[in-house]
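Colleague: Before I use this model, I would like to go through the terms attached to it. Please set each value against its criterion.

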Amino acid sequence: MGLPWKIMKSAVLAMVCLALPSLAETSQNVPLKITCQVTGLFAEDRQPDLRKVFGSIPSVKLIAIQYSKAEVTLEYAAKEFSNAKPDQVVKRLDDLVRNASRHALGIKPLSLTPREKLKLIEIQVEGLDCKGCALAAYEVVARVEGVERATASFKKGLITALVDPSKVDRGQLEKALKAREVHIKAP
Amino acid sequence: MTQPNLIFLFVFSFPLLLAQVAPCAESPVFFEKHCYSCHDGQNRKGGLDLTTLKIEAPLDFERWVKVFDRLEAGEMPPKAKKQPSANEAAEAQKWLRQSLLKAELQKRKGESRTGLRRLTRAEYENTMRDLFHLDGMPLQGELPADGSAHGFDNNADALDISHVNLAKYIEAADRVLDMAIATRPNPPSITKQRISLANSAGFVAHVLLHGDGVILKDKKPDPEFPPAGAQMHIDQGAHERIGSFNNGSSVGLFRHEDESFHPYFIEFVTIYPGKYRVKTSLWSFQWDKGQVLPARGTEAARLSLVTLTGDGRGGGHPSTVLAYFDAPSLQEKKHEFTQWLNPREIIGFNAASLAQGGQTRGKKRAMGFTGPGIACDHLEIEGPFHAEWPPRSHKELFGDLPLAEFKLAEHPGVRPPKRKLTRQEMGAGKNRPDVEPGIWTVRSQEPLADAGRLLSHFLPRAFRRPVSTETQKHYLKRVEERLKAGDSFEAAMRWAYRAALCSADFLYHVEPAGKLDAYAMACRLSYFFWKSMPDEPLLSLAKAGKLNQGETLRSETDRLLKDGKSERFVEDFLGQWLKLRQIAATDPDRKLYPEFSPYLQDSMVKETRAYFREMLDKGLGASFLVQSDFAMLNEKLAVHYGIPAVSGSQIRRVTLPSGSVRGPFLTQAAIHKITANGTTTSPVTRGAFVLDRLLGQPPEPPPADVPAIEPDVRGAKTIREQLDKHRNNPSCANCHVKIDPPGFALEAFDVIGGSRTRYRSIGTGDPAPRGNIDPFIGISFKLGPPVDPAGEFFEGGSFKDISEFQKRMAQSPKLWSNLARQLAVYATAREVAFADRDAMTRLVETTQKKGGGIRTLIHELIQSELFSTR
């Protein structure tokens, strides 16, 4: 009994050793989901652009867009970022999206500020109904510290910003816009 | 303007000749009787004492030649003095002629008439290009400028050589070999890149934001990029990132290039030198505050070759015009051409036919603007194309030896050949180099045998003649030394090739003394018409000993002139004879000549070249230098000259309406611009040009103590009135009586070659009508005093305008003799000597007897001893 048992034990061990890499591989192929905030999504009609960008990134799948929150849910294989620490995954995703969109879109972590603490500021503007101009105006506002989300549409003549009122106010946003030669409508 | 009358000085010191040359019983009496009173050691009229001049001294000899000319022309003794009898004058001329001939022959004894001379910069570049089949390789810009003698830079007297030249030749040879030698197993991959005029980081994208242009889709404003109006577009970078300029739409421009606006297709920056196919699609339109309407006519856009300097940013990089292209109204015109491109070169664009500094778009920008625009759909660049690999340049050096990867382990003790990493040097360029394949080089199993074989092929080609075995051994020995020193086969051969390209055999025109041999004759022909080395057919004829046969020379001359490379001759010859190289030496005053533009200037040069080409092709006579029934025009020039019904940017032959004075060199805008200072015209400058360049009678230089006449652009006084002060001075009048008449006739043309009956003024004057000036060009000049183009010929008779002047001048035999002289000086690279005068006269007479024109004259020149002896 001793010998067969030993043989059996060795065989099991060998099987386990052989199976380990494929088990690890399986865990690497497990699709992971993540929800992040998306930058550059300044208007509803930017959603097709966003889909097009993710269409050009084979390693990441766009599951859903929540335009009202400027959020996206993404799916990717764990192996894609196997050498990245958990807090680096969003950064890696951001790099992919920026490169694919010539830096017109990006990814950032979800906001930690509760919605009820944010304030919506609406600024009436005049300008050309043009995506490039809207992106420019959006970026002016979105880059101001304290702005969590923003939209821009010269067609509607409106720029909105969801802001942390403890960090930024309307005046600061208007000043930044004027510096970019965005014409602000008189109230 | 005062002008010392040198003629007096020359003529009145003849007795000195008695002491210098074989005396003639009659001549001393003549000179004592007619010349001494003004030009002896005491009087020295005009500052010159002829009694001290020695005929065998080079400078004095030239003065005696002038004395002879004045005497022969009957200008001396002056009319106010006692005149010699006809017999006396003839005897004196005969004596002086013989004396001069004797002195010249003595001086030349043992010396060739054409001195040893190196290649000019242009000849060097063309020779290298043709030797290696590298059509657009740039070299001459790096070499020191050539001098000039007797009007041309290929003259032996001007072609000295210094250590700077030598250092530059070594650098240039290295650059050539770098470009010629294949360093990869396969040619660089052919890429095709389509670029919008509004490419990233370019100037156009910027001005589109401000409404100096629009983006058009299906010949309407692109809804994704609405035209700038009261609000302009903001943030060029945001538009670039979101793809506003990259969606396949066309770009319509309203703005001509200027100091702060340089449209470039900068997304393609050449990495690999070679031939590229360039395509573009252009059309024009009338923009009306947001609407695209039919254009006013065919507009013209210019493409240029721009060499990026430094980090490539900004504008104003050196450029050369490639061509002007038509942009018809609302109809895309596809243009395609092949162009050699060098590393760091890009294609530049200009909406050339639009008004320069034209009407601004105003506060409402494009949406408030009505005016012409030029649309560019795209530019496509494809290449580099290599008909074979390794390329011909490589095969000239290494024949069919195989290329193989150089592995150190396989070549112990051998240094690998040096390689530079190929990279995209300009950040804006989106094209990228191929992956480096490693070190690839030629492989030779029998290095010395191969080296001998390769050198025996290369050296005769490079030296343009058979090369002795001894010379070949000399180079072979160098290769052997380098191989022993551990060089690779490529490096060792390169050493020999570089030495050959820096040797006198390559850098100099090697011609035997006396009668040229067949190879020297082949070189003379090819450097005359192609500014480069002879091709294979010419060398084969030389080898077969057939080139010195009359019929062969004739057919070869015609073949060379027919070849596209003869444009080098047209460009080089006219650039110097008619000073076309100086076309951009002055910038016309913007207030006085607001209609002037680079497009007009380039058209001027093209007209002169095309006219000369037409003279060559049609065999026209010398009278066509000053009078013609046709002109070579494009729309720009036709409008400038007031000639109707010429459309488009291409120069073509146009039959002139009756009474038109346009057409010949004399009335071409290029000549008028070259002979003006940008603000006003001077009959003296223009008269001197006509005398010197067209009639071959250069006036004496002005005295140093007489200031130039300052132009009066306020319009108070005409140049003629100012000149009268000089002309009324007897000491000045002698020269001005000859110089001024042609200059007066040419007063009918302004600084930029436009016809005028009144001078333009920026001070007082009457309001100026717009005439043919583009309505988008602002006019602020006024019309000042009337132009008086009348004058009196020195030889007698008068003219009331340019037309009458042309008629009289067209009869002048001096046109023929000067044309023959200019061609002879250029072709033989030496001045026409006094002893050559009879031969020159025969050339012209034979040409005229045959009823031929300039083509016949060239044939006669080439068949003459002048051309076929050194």
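Colleague: What does Val141(A) touch, not counting residues up to four places away in sequence?

Modeller: This is a predicted model. In it, Val141(A) touches Val147(A), Ala150(A), Ile159(A), Ala161(A), Leu173(A), Ala176(A) and Leu177(A). Contact requires C-beta atoms within 7 Å, so each of these residues meets that limit with Val141(A).

Colleague: Which residues have the most contacts inside the largest nonpolar core?

Modeller: Val141(A) is one of them, along with Ala137(A), Phe265(B), Ala301(B) and Leu861(B). That core has 204 residues. A separate second core has 39 residues, including Phe132(B), Val442(B), Leu454(B) and Leu459(B). As background, nonpolar side chains in soluble globular proteins tend to be buried together.

Colleague: What makes S5(A) and strand S7 of chain A a pair?

Modeller: Two strands pair if there are at least two bridges between them. S5(A), residues 119-126, and S7(A), residues 158-163, have 6 bridges and run in the antiparallel sense, so they qualify as a pair. Within this pairing, Ile123(A) stands opposite Ile159(A).

Colleague: How many bridges join S5(A) to strand S8 of chain A?

Modeller: There are 2, again in the antiparallel sense. The requirement is at least two, so this also counts as a pair. S8(A) covers residues 183-184, and His183(A) is the bridge partner of Glu126(A).

Colleague: What is the rest of chain A made of?

Modeller: Its secondary structure comes to 5 helices and 8 strands, in the order α-β-α-β-β-α-β-β-α-β-β-α-β along the sequence. Of its 187 residues, 30% count as buried. Among contacts between residues at least 6 apart in sequence, 64% join residues at least 24 apart.

Colleague: Where are the domains of chain A, and what touches across them?

Modeller: Domain 1 is 29-108 and domain 2 is 115-182. Their C-alpha centres lie 23 Å apart. Contact involves 6 residues of domain 1 and 9 residues of domain 2 of chain A. The side belonging to domain 1 divides into 4 nonpolar, 2 polar and no charged residues.

Colleague: How many residues of chain B are in contact with chain A?

Modeller: 13 residues of chain B are in contact with 18 residues of chain A. On the chain B side they divide into 6 nonpolar, 4 polar and 3 charged.

Colleague: Why are S6(B) and strand S10 of chain B called edge strands?

Modeller: The open sheet has 4 strands in the order S6-S12-S9-S10 of chain B, with antiparallel pairing. Strand S6 (264-265) and strand S10 (319-327) each pair on one side only. S6(B) pairs with strand S12, residues 345-350, over 2 bridges, and there Phe265(B) stands opposite Ile347(B). Phe265(B) is also among the residues with the most contacts inside the largest nonpolar core.

Colleague: How do you know that the buried residues of H17(B) line one face of the helix?

Modeller: The buried residues in helix H17, residues 536-543 of chain B, are Leu538(B), Leu539(B), Leu541(B) and Ala542(B). Down the helix axis, the buried residues of H17(B) fall within an arc of 160°, so they line one face. The face turned away from the buried side carries the exposed residues Glu536(B) and Pro537(B). An α-helix has 3.6 residues a turn, so residues three or four places apart point the same way.

Colleague: What do the buried residues of H17(B) pack against?

Modeller: They pack against helix H16 (518-529) and helix H18 (550-562) of chain B. Just after H17(B), Gly545(B) takes a positive phi of about 70°.

Colleague: Why is Asp617(B) called exposed?

Modeller: Asp617(B) has 12 other C-beta atoms within 10 Å. Asp617(B) is in helix H20, residues 598-618 of chain B. Asp617(B) and Leu866(B) are 249 residues apart in sequence and 23 Å apart in space, C-alpha to C-alpha.

Key:
Residues are numbered from 1 along each chain as its sequence is written. Chains are lettered from A and ligands numbered from 1 in the order in which they are written. This is a predicted model: local features need pLDDT of at least 70, side-chain atom pairs count only at pLDDT 80 or more; totals for chains, interfaces and linings use all residues. Two residues are in contact if their C-beta atoms, placed from the backbone, lie within 7 Å. Ala, Val, Leu, Ile, Met, Phe, Trp, Tyr, Cys and Pro count as nonpolar, Asp, Glu, Lys and Arg as charged, and the others, Gly among them, as polar. A nonpolar core is a set of buried Ala, Val, Leu, Ile, Met, Phe, Trp, Tyr and Cys residues joined through C-beta atoms within 7 Å. A residue is buried if 20 or more other C-beta atoms lie within 10 Å of its own, exposed if 12 or fewer, and partly exposed in between; C-beta atoms are placed from the backbone. The arc is that of the directions from the helix axis to the C-beta atoms. Domain bounds come from an automatic or database domain assignment.
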